[in-house]
Amino acid sequence: MTELRVPVLYCDMDGTVRHGFDELGRFVNGPGDVVVFDGVPELLARYKAAGWRIVAISNQGGIAAGHVNERDVRAGMLETQRQAGGAFDKILYCKHFPAADDPEMAVCWCRKPKAGLVIEGALALAEDTAKRGAPEIYPPHLALFVGDRPEDEGCAEAAGIRFMPAAEWRTGKHADAL
Ligand SMILES: [Mg+2]
Ligand SMILES: [Zn+2]
């Protein structure tokens with residue numbers, strides 16, 4: 001069986017899809033803090049309509065650092081998905097933090113700028129679609145990564161994916177060419 005080659009939009013969350021520290025004056029600590037940027041649901045819908053898959057990739061080291069509990073992080077992700085019109089095919093986050101005491105919470109392959117969650121996301125999507133009998137693969141040269149921080153750009157580079165700064169992406173101009 002031949003796999004369909006499908007582009008993926010990998011999105012940072014805080015400061016990219018939803019208001020982050022710069023907008024809120026604090027980190028997103030739970031669903032009550034979630035404010036998706038104006039225009040982003042419509043922009044994500046344009047990618048979906050053009051056949052893209054959409055995967056969120058977020059560093060949530062506050063879990064390992066003890067600033068926030070994972071249940072609240074997950075609830076915040078679900079609220080983000082709701083405000084985004086259900087656009088995300090996968091929402092993945094790293095809960096690790098380099099300064100954590102427990103090495104299992106300090107050392108990982110998923111904290112951006114590492115590329116682990118990009119690969120996990122693509123493999124999970126491929127598995128889902130294979131199970132449905134319509135297998136897809138996600139060549140990095142077709143993908144786009146959007147984010148607001150240097151670690152996002154580093155993650156994109158590590159994964160071989162084109163990067164676009166969040167503020168530029170939210171203008172929506174490039175989406176005319178989808
Ligand atoms: Mg960010
Ligand atoms: Zn991690």
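This is a predicted model: local features need pLDDT of at least 70, side-chain atom pairs count only at pLDDT 80 or more; totals for chains, interfaces and linings use all residues.
Residues are numbered from 1 along each chain as written, chains are lettered from A and ligands numbered from 1 in the order of writing. Local features need pLDDT of at least 70, side-chain atom pairs count only at pLDDT 80 or more, and totals for chains, interfaces and linings use all residues, while side-chain values use heavy atoms, without hydrogens and water.

The zinc ion (ligand 2) is held by Cys94 (SG), His96 (ND1), Cys108 (SG) and Cys110 (SG), at 2.0 to 2.3 Å. Donors are N, O and S atoms within 2.8 Å of the metal (3.2 Å for Na, K and Ca); water is not among the atoms, so sites may look incomplete. Along the chain, the zinc donors follow the spacing C-x1-H-x11-C-x1-C. The 4 donor atoms subtend angles of 101 to 119°, so the arrangement is tetrahedral (four donors, all angles between 85 and 135 degrees). Cys108 is buried, at 15% relative accessibility. Cys110 is also buried, at 7%. Buried means under 20% relative accessible area, exposed over 50%, and partly exposed in between (1.4 Å probe, protein chains only).

Asp12 and Asp148 link distant parts of the chain, 136 residues apart. Asp12 sits in the loop between strand E2 (8-11) and helix H1 (21-24). Asp148 sits in the loop between strand E6 (144-147) and helix H7 (150-159). Helices (H or I, at least four residues) and strands (E, at least two) are DSSP runs, numbered from the N terminus. Asp12 is buried, at 6% relative accessibility, whereas Asp148 is partly exposed, at 35%.

Definitions and conventions. Four donors count as tetrahedral if all angles lie between 85 and 135 degrees; four count as square planar and six as octahedral if opposite donors are over 155 degrees apart and all others between 65 and 115; anything else is irregular.
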